[in-house]
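Hi everyone, thanks for coming.

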Amino acid sequence: MKKIEAIVKPFKLEEVKEALAEIGIEGMTVTEVKGFGRQKGQTEIYRGSEYAVDFLPKIKIEIVLSDEKLDHAIEAITNTARTGKIGDGKIFVLLVEEVVRIRTGERGGAAV
Amino acid sequence: MKPIRRTTTWLGVLLLAVAIFSRLTAHAWGDDAPKPDPADTATGNASDVQDASGTHFVVTAPADLGADDAKDPQKAKTYAEAKKAYDEYLAQMKAEPLAVKLADGVGHNRVAINFMWTLVTGFLVMFMQAGFALVETGLCRAKNAAHTMSMNLLIYPLGMLGFYVCGFAFMFGGLGPIATMGGYGGLNHEFTINLFGKPFGLCGLTGFFLKGSSYDASVFALFLFQMVFMDTTATIPTGACAERWKFSSFCLYGAFVGSVMYPFFGNWVWGGGWLAMLGQNFGLGHGHVDFAGSSVVHMTGGVIGLIWAWLLGPRYGKFNKDGSVNPMPAHNVVFAILGTFILAFGWFGFNPGSTLAGTDLRIAVVATNTMLASATGAMSSCLYMWWFKTKKPDPTMMCNGMLAGLVAITAPCAFVGSGGACIIGLVAGILVVESVFFWDKRGIDDPVGAISVHGVNGAWGCLSIGLFADGTYGDGWNGVAGTVKGLFYGGGISQFWAELIGVTTNFVVIGLTTAIVFKIVSLLSGGTQRPEEAIEIEGVDIPEMGVHGYHGFVMDKEVETPHPRGYPSAANSKSAVSAH
């Protein structure tokens with residue numbers, strides 16, 4: 001079982017969600033985050049004085065899935081979230097030790 | 001005893017002293033004290049009836065000619081004409097007694113229109129308190145919203161009560177008859193000194209607690225109207241000093257502003273004091289003219305804001321060591337613009353209401369001039385920023401520009417034409433932008449631009465009378481015959497000098513008074529009026545007010561709080577803030 005943490009641009013969330021649904025992934029956790037990579041921030045100006053906005057808003061999508069679906073999911077996210085411009089985001093893959101469904105108590109693959 | 005308890009005790013003692021003093025002076029000074037009319041059983045009669053050109057229905061008997069004057073052929077002729085008119089009037093009275101009774105009713109209605117006008121426009125100006133609250137809070141940060149709003153809420157009662165206790169008396173105690181509202185003359189003692197052989201009115205001495213001879217319907221209407229103007233002044237420094245002012249210190253400021261900081265200059269311009277008399281006494285135009293309060297209200301507020309913000313010190317993180325500015329953007333532009341419209345609406349009470357007469361139809365010109373100046377002010381600020389400064393139409397500057405236009409037209413609104421009003425607003429819009437940059441460069445932190453909108457443009461508004469007054473209104477203003485005329489309309493430079501003297505006096509006197517009161521408030525606040533730095537960084541809502549402005553909202557306080565750069569270490573950031 002693997003966990004994907006994908007950082008994407010906020011307006012791409014809907015597209016990514018639909019692409020994942022098409023390959024059978026129907027659960028995810030989404031958080032609003034801010035950050036930067038090599039994109040850096042930008043300079044804004046307020047009443048004549050400049051200030052730097054270092055952190056840009058992004059969306060973090062967390063999905064736990066079985067190993068068979070991993071490559072499909074990475075491909076789906078990458079294809080839909082890409083704009084070709086700097087700041088598109090990153091995908092991190094982590095190992096998951098255990099998954100439990102709270103309602104039924106199922107463990108392992110059946111709980112994913 | 002804790003500082004606040006000690007302060008309250010002293011204030012209580014002071015209040016008691018003023019109450020005793022006012023009880024002793026409850027009756028109008030002088031032997032034939034006019035009779036107050038608290039229930040309006042007698043206000044308004046035939047003597048109040050006038051036609052459009054101001055000719056009175058009731059003809060008064062001419063004063064008896066002395067033996068010397070009777071020898072002067074011109075004076076004798078005038079006396080004869082006046083006596084003839086009076087005799088004719090007496091004959092008509094006898095012939096048509098019903099007309100005389102009707103005239104009493106007409107006079108009452110005329111006075112009633114003026115009462116209505118004064119009160120309703122006063123209610124509009126009261127609504128401006130909401131506008132100020134929204135503009136200030138919108139332009140400040142979310143973590144301080146409850147504190148900023150609360151200052152704007154509480155300044156209303158604090159200022160009002162100070163004005164009620166003694167501010168109104170100091171300002172209008174020597175006003176004389178309130179002509180548009182029945183002519184009651186109970187405010188009849190002005191403390192005057194003699195300088196250069198001329199009378200210099202300094203302050204009024206009737207009207208404390210609105211008791212005794214001040215318990216008259218027209219005095220109450222005047223009080224309400226003037227009180228909401230005073231509160232406009234009072235609320236301006238809350239913007240200039242926002243986000244780093246202890247609420248207890250603000251309350252002490254509130255106690256002083258309506259009672260002693262505002263009324264004296266106000267008396268000198270509106271209460272019959274010496275600035276108004278510069279025309280009668282020294283031939284300087286019509287004296288310092290200020291129709292609705294560019295200097296009395298707005299410049300006073302702006303100067304208090306300037307001195308207080310300067311002495312209080314900038315917000316933590318606003319300035320770096322090299323003097324460069326770390327902006328703290330407005331948390332709610334929606335509030336700021338809504339508040340600006342509320343203020344612009346309230347200004348329809350502020351300016352036209354200052355005729356104190358719905359029967360003075362110049363109110364139409366006043367209101368239109370007010371509107372036009374607000375428009376050119378907003379446009380010129382917008383375009384100035386967009387085309388010449390930051391290349392973007394900054395909404396906060398548009399707000400400041402509209403308000404600057406309104407402040408600037410406040411003094412000249414009754415005396416200029418539409419062209420003059422447009423130009424005055426246009427200049428105000430550019431002036432306010434440059435002024436904001438100016439104070440930033442000088443290390444004075446004004447979160448909302450209050451000093452630039454009210455102080456700088458209040459001065460400009462008064463000076464513009466000396467330039468743009470076109471001579472179509474103001475005959476007899478401050479006791480000087482003829483209409484008010486500025487330099488560009490053939491009035492010469494004397495009106496401009498009178499305005500300049502008034503503006504300079506405001507800056508010097510209000511500035512000094514503010515510095516003194518600041519020191520007193522600092523002493524009573526246990527040495528400093530600022531909250532601790534850690535509290536200021538966290539946000540003053542919970543520590544000072546005990547309540548979040550936005551309970552349950554997740555706030556990004558890191559984004560809201562720049563840290564000052566260029567100082568040796570974070571621990572040394574105290575040097576970023578000058579505490580007095």
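Let's start with B:Met277, which sits in the loop between α8 (263-270) and α9 (278-282) of chain B. Helices here are DSSP runs of H or I with at least four residues, strands are runs of E with at least two, and both are numbered from the N terminus. Is B:Met277 buried or exposed? It's buried, because 22 other C-beta atoms lie within 10 Å. The cut-offs are 20 or more other C-beta atoms within 10 Å of its own for buried, 12 or fewer for exposed, and partly exposed in between, with C-beta atoms placed from the backbone.

Which residues does it touch? Leaving out residues up to four places away in sequence, B:Met277 touches B:Gly201, B:Gly287 and B:Asn478. Contact means that the C-beta atoms of two residues, placed from the backbone, lie within 7 Å. Also, the C-alpha atoms of B:Met277 and B:Val480 are 9.0 Å apart, although 203 residues separate them along the chain.

A quick word on the source. This is a predicted model, where local features need pLDDT of at least 70 and side-chain atom pairs count only at pLDDT 80 or more, while totals for chains, interfaces and linings use all residues. Residues are numbered from 1 along each chain as its sequence is written, and chains are lettered from A and ligands numbered from 1 in the order in which they are written.

Now the whole chain. Chain B has 19 helices and two strands, and 53% of its 580 residues are buried. Of its contacts with a separation of 6 or more, 77% are between residues 24 or more positions apart. The C-alpha trace spans about 90 × 60 × 45 Å along its principal axes.

Next, a helix pair. α6 (residues 217-240) and α7 (residues 247-261) of chain B pack at an angle of about 150°, with axes 10 Å apart. Axes are lines fitted to C-alpha atoms, for helices over the stretch in contact, and angles run from 0 to 180 degrees between N-to-C directions. So α6(B) is roughly antiparallel to α7(B), a label for angles over 145 degrees. On the α6(B) side, the contact uses B:Met230, B:Ala234 and B:Thr238; α7(B) brings B:Phe250, B:Gly254, B:Val257 and B:Gly258.

Last, the neighbour: 12 residues of chain B are in contact with six residues of chain A. Which element gives the largest share of chain B's side? That's α14(B), with three residues.

Note on methods. Angles under 35 degrees count as roughly parallel, over 145 as roughly antiparallel, 65 to 115 as roughly perpendicular and the rest as oblique.
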